[in-house]
Amino acid sequence: SDCQWDGESVLNCSLTGMSTLPEDGPQTAIVADFSHNNIKTFLCADGRNEEWALKHLNLSNNLLSEISLTTCRNFPVLETLNLNGNAIHTLTLGTPAPARGSEAYGGVDRLLPALKVLSVERNNLSRVPRGLGLLPSLQTVRLSSNGIRQVDPSDFQSCSQLEDIHLQNNKITEVHSDAFGDLNKLQVVDLRQNPLATPLPQILITLNVFQLEVGLSNNAW
């Protein structure tokens with residue numbers, strides 16, 4: 001392929017015209033850039049058992065439409081996943097984590113244990129991806145410029161490390177009063193450019209986080 005490998009840690013396959021991910025990529029790569037190509041599918045495991053050293057994976061600006069991360073068992077140190085600028089309408093992370101206190105709580109299989117940043121901006125999502133709570137290290141989730149219509153109480157459930165939520169430029173009219181209730185580390189919620197029909201003060205009160213920054217410009221009220 002036309003990919004460039006520095007022999008150490010960086011694999012650059014951006015703008016190479018590839019339509020599928022290479023099967024023989026160097027497993028020692030820490031950074032892999034597959035942006036601006038024609039890739040339509042991304043299968044995490046794909047039958048392989050080897051663990052990759054990858055920390056940063058860029059799949060932005062491709063033709064991805066439906067992604068399942070439920071089989072991601074071979075990226076134990078992946079920290080950032082960039083899926084911006086695709087046509088993703090379905091992103092499956094697994095079944096939502098059981099409620100705290102239930103018998104199944106704590107027994108769920110954790111995938112992508114080191115992932116800190118998940119970026120799915122400029123796609124076709126109509127809802128917040130289910131199962132974000134299965135990403136135990138998740139700190140930042142970027143979902144701006146999609147078609148998300150509401151934020152439900154279970155959307156960010158069990159995301160105990162979450163600090164930043166970016167939801168600007170969606171179609172959100174309603175945010176449930178308990179949507180961010182148990183996010184003790186939350187610092188930023190960006191809801192700019194949404195047609196919000198109900199005020200949010202109650203949500204801020206339930207959060208009880210004084211440093212919270214909430215972007216609410218260009219809304220209906």
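Analyst: A residue is called buried when its relative accessible area is under 20%, exposed when it is over 50%, and partly exposed in between (1.4 Å probe, protein chains only). This is a predicted model, in which local features need pLDDT of at least 70 and side-chain atom pairs count only at pLDDT 80 or more, while totals for chains, interfaces and linings use all residues. Residues are numbered from 1 along each chain as its sequence is written, and side-chain values use heavy atoms, with hydrogens and water left out.

A search of the whole structure turns up three salt bridges (a side-chain nitrogen of Lys or Arg within 4 Å of a carboxyl oxygen of Asp or Glu). Arg 130, Asp 152 and Asp 155 are joined in a network of such bridges. In one of its pairs, the side chain of Arg 130 meets that of Asp 152 at 3.3 Å, N to O. The two residues come from distant parts of the chain, 22 residues apart: Arg 130 sits in the loop between strand E8 (117-119) and strand E9 (140-142), and Asp 152 in the loop between strand E10 (150-151) and strand E11 (164-166). Strands (E, at least two residues) and helices (H or I, at least four) are DSSP runs, numbered from the N terminus.

Arg 130 also forms a salt bridge with Asp 155, at 2.5 Å, N to O. Here the partners are 25 residues apart, with Asp 155 in the loop between E10 and E11 and Arg 130 in the loop between E8 and E9. Asp 155 counts as buried because its relative accessibility is 2%.

The structure holds one disulfide. Cys 3 lies in the segment before strand E1 (4-5), and Cys 13, 10 residues away, lies in the loop between strand E2 (10-12) and E3. The torsion about the S-S bond is about 120°, so this disulfide is right-handed. Cys 13 is buried, at 0% relative accessibility.

Now for the chain as a whole. The protein chain has one helix and 14 strands, and buried residues make up 43% of its 221 residues. Among contacts (heavy atoms within 4.5 Å) between residues at least 6 apart in sequence, 56% join residues at least 24 apart.

Finally, the confidence of the model. The mean pLDDT (the predictor's confidence in each residue, from 0 to 100) is 84 for the protein chain, and 80% of the residues reach 70 or more. Over residues 99-108 the pLDDT stays under 50, and the model has nine contacts beyond four places in sequence for them. Residues 208-212 are also below 50, with eight contacts beyond near neighbours in sequence. Where pLDDT is low, the predicted coordinates should not be read in detail.

Note on methods: Disulfide = S-S within 2.5 Å.
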